[in-house]
Amino acid sequence: MLRRCIWLVAIAVFFVSHLIMAPAIAAELDEATRTVKLNPEGDTLVLSQEQVIRGRNRFNNACGSCHVGGITKTNPTVGLEPEALAGALPPRDNIEALVAFLKEPTTYDGMDDISQIHPSIESRDIFPQMRNLTEEDLVAIAGHILLQPKIIGDMWGAGKTRYSAP
């Protein structure tokens, strides 16, 4: 019971600190840090300061309850760290692939639709946090996911892949 209380306090502190610090952190990020992979071909996108803030806020509201700190509570073997995203089929290590996943999620091996158990645009009737997200919001969320390893390093998603597709 004490362990659960400590975990809840830690999560609350994490969320509050991110809400308070988001504008200050975004203002300090240079263009190189805000540059993320756009597509599998290797094109890049420089996130605007507004996208960085929007991505953090939308991620915390729509994804943060299951993916706090880039982990995956429902499947701790697969996080949101770059290695895990790159190891998915298809790879989810770019904006376009993450947006596609947020619209129609599939299992890590890409074989099965999981929209009935994972929040997505496809299942917004089941997951109300997805109802008002726009395409811009999805891009900002994807940008946030790709930006975090550059900001907090190995703390994002536990820092190493613990799962590989069969």
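A residue counts as buried when its relative accessible area is under 20%, as exposed when that area is over 50%, and as partly exposed in between. The structure described here is a predicted model. With the cut-off of under 20% in hand, cysteine 63 counts as buried because its relative accessibility is 10%. The points below cover the cysteines, a charged surface patch, and several residues in the loops between helices.

**Cysteines**

- A search of the whole structure finds 0 disulfides, and cysteine 63 accordingly takes part in no disulfide.
- The cysteine sulfur nearest to that of cysteine 63 belongs to cysteine 66, at a distance of 8.9 Å.
- A disulfide calls for two cysteine sulfur atoms within 2.5 Å, so the 8.9 Å between the sulfur of cysteine 66 and that of cysteine 63 is too far for a bond.
- Cysteine 63 is buried, at 10% relative accessibility, whereas cysteine 66 is partly exposed, with a relative accessible area of 32%.

**Negative charge on the surface**

- A patch of negative charge on the surface gathers five residues: Glu104, Asp112, Asp113, Glu122 and Asp125.
- One of these residues, aspartate 125, is placed in the loop between helix 5 (95–103) and helix 6 (135–152).
- Aspartate 125 counts as exposed because its relative accessibility is 58%.

**Glutamate 81**

- Glutamate 81 is found in the loop that runs between helix 3 (64–67) and helix 4 (82–87).
- Glutamate 81 has a relative accessibility of 1% and therefore counts as buried.
- Although 74 residues separate glutamate 81 from methionine 155 in sequence, their C-alpha atoms are 8.9 Å apart in space.

- Threonine 106 has its place in the loop between helix 5 and helix 6.
- With a relative accessible area of 22%, threonine 106 is partly exposed, since the range for that class lies between the limits of 20% and 50%.
- Threonine 106 and leucine 89 are 17 residues apart along the chain, and 9.0 Å separates their C-alpha atoms.
- Leucine 89 is joined to proline 90 by a cis peptide bond, with omega at about -10°.
- Proline 90 itself lies in the loop between helix 4 and helix 5.

Definitions and conventions: Residues are numbered from 1 along each chain as its sequence is written. This is a predicted model: local features need pLDDT of at least 70, side-chain atom pairs count only at pLDDT 80 or more; totals for chains, interfaces and linings use all residues. Side-chain values use heavy atoms; hydrogens and water are left out. Patches are made of residues with over 30% relative accessible area and no salt bridge: like charges are joined within 9 Å, nonpolar side chains (Val, Leu, Ile, Met, Phe, Trp, Tyr) within 5 Å. Accessible areas come from the Shrake-Rupley method with a 1.4 Å probe; for residues, only the protein chains shown count as cover. A salt bridge is a side-chain nitrogen of Lys or Arg within 4 Å of a carboxyl oxygen of Asp or Glu. Lys and Arg count as positive and Asp and Glu as negative; His and the chain ends are not counted. The place of a charge is taken as NZ of Lys, CZ of Arg, CG of Asp or CD of Glu. Helices (H or I, at least four residues) and strands (E, at least two) are DSSP runs, numbered from the N terminus. Buried means under 20% relative accessible area, exposed over 50%, partly exposed in between (1.4 Å probe, protein chains only).
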